[in-house]
Amino acid sequence: MSETARSRETGGDTGTGLPQRRTGHAFAHTPHRSDGRPPQTPRGVRQPGPGGRPGTIPPVPGRPATLLGELAVSALCAVLFALITWQVLVRGPLLSWDGRLSAALVRAVPDAVTEALSDLGNVPVTLPVLLLAAGYAVRRGNRRGAAAAVVAMALVPVLVVPVKAWTARPGPLEPWAAGYFPSGHTATAFVAYAGAALLLRPYAGRVWPAAAALVLTGATAAGLVLRGFHWPLDVLASLLMCTPLLLAVRRSCRGTRRSSG
């Protein structure tokens with residue numbers, strides 16, 4: 001019986017060689033471009049799954065990691081705030097360090113200067129700044145961010161006043177008075193100026209609004225400590241308390257498109 005064409009082709013195969021890849025209909029559907037650029041179809045950007053099978057389109061990066069980061073920062077601020085509050089309540093060793101630092105700083109700068117800096121945290125100064133920024137944001141379509149910033153400002157006395165009454169900490173220059181922890185002026189300045197910067201960032205860029213908020217908040221905090229209106233821990237506690245509020249405002253402002261008009 002004569003050999004067929006197929007048997008003659010395979011007759012010399014000993015079975016020890018590796019199978020050769022054949023290009024046939026199984027690979028005919030893979031898209032190619034004559035100019036060498038990658039294909040624009042979804043199959044061309046998919047990641048291979050186990051066993052070389054086509055996988056799924058990669059997820060949008062950044063959002064879960066950003067949320068986890070914000071939650072981690074908020075949790076850290078809460079822990080540090082609780083630790084400082086506990087030290088104030090039990091008159092712990094942290095207060096002795098706070099007292100020595102305050103004694104070294106108080107009256108180091110003329111009172112006229114430090115009082116002017118402290119006034120930057122007054123509500124008649126801070127509230128118009130935030131409201132103007134919120135109104136501008138509403139006009140540009142960022143109603144959600146504006147509402148979040150105003151709510152954060154309204155929450156400042158709700159958070160600060162009960163803690164002041166609970167801790168009843170005396171002031172550096174007024175040991176007979178109580179209710180200095182945390183600093184209400186620092187909290188007001190931080191939320192107002194940083195909140196305004198977050199609202200203006202999509203339209204004015206990130207640099208100068210953030211720099212202005214940092215300078216104004218820092219000047220307020222420095223004036224309060226240097227004048228003897230607050231202990232350094234009072235100021236630090238207010239910054240820790242208000243950071244989660246501002247992270248919520250930042251999240252509400254995220255996704256706002258920068259307007260060209």
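Visitor: What pattern does the chain follow when read along the sequence?

Guide: Along the sequence, the pattern is α-α-α-α-α-α-α-α-α. That comes to nine helices and zero strands. Keep in mind that this is a predicted model.

Visitor: How do I describe two helices that pack together?

Guide: Two packed helices are described by the angle between their axes and the distance between the axes. Take helix α6 (residues 143-167) and helix α9 (residues 232-253): their axes come within 9 Å and cross at roughly 170°.

Visitor: Are α6 and α9 roughly parallel or roughly antiparallel to each other?

Guide: Angles over 145 degrees count as roughly antiparallel, and α6 and α9 are therefore roughly antiparallel to each other.

Visitor: Which residues of α6 and α9 meet?

Guide: On the α6 side they include Ala 148, Ala 152, Leu 155 and Leu 159, and on the α9 side Met 241, Leu 245 and Val 249 are among them.

Visitor: Now the surface, please! Which residues make the nonpolar patch?

Guide: Leu 76, Leu 80, Leu 83, Trp 86, Leu 89, Val 90 and Trp 166 make a nonpolar surface patch of about 700 Å². Helix α2 (residues 63-90) gives the most to this patch, with six residues.

Visitor: Why does Leu 89 count as partly exposed?

Guide: Partly exposed lies between buried, under 20% relative accessible area, and exposed, over 50%. Leu 89, which lies in helix α2, counts as partly exposed because its relative accessibility is 31%.

Visitor: And what share of the chain is buried?

Guide: Of the 261 residues in the chain, 35% are buried. The chain exposes about 16,300 Å², and carbon and sulfur atoms supply 65% of that area.

Terms used:
Residues are numbered from 1 along each chain as its sequence is written. This is a predicted model: local features need pLDDT of at least 70, side-chain atom pairs count only at pLDDT 80 or more; totals for chains, interfaces and linings use all residues. Side-chain values use heavy atoms; hydrogens and water are left out. Patches are made of residues with over 30% relative accessible area and no salt bridge: like charges are joined within 9 Å, nonpolar side chains (Val, Leu, Ile, Met, Phe, Trp, Tyr) within 5 Å. Accessible areas come from the Shrake-Rupley method with a 1.4 Å probe; for residues, only the protein chains shown count as cover. A salt bridge is a side-chain nitrogen of Lys or Arg within 4 Å of a carboxyl oxygen of Asp or Glu. Helices (H or I, at least four residues) and strands (E, at least two) are DSSP runs, numbered from the N terminus. Buried means under 20% relative accessible area, exposed over 50%, partly exposed in between (1.4 Å probe, protein chains only). Axes are lines fitted to C-alpha atoms, for helices over the stretch in contact, and angles run from 0 to 180 degrees between N-to-C directions. Angles under 35 degrees count as roughly parallel, over 145 as roughly antiparallel, 65 to 115 as roughly perpendicular and the rest as oblique. Contact means heavy atoms within 4.5 Å.
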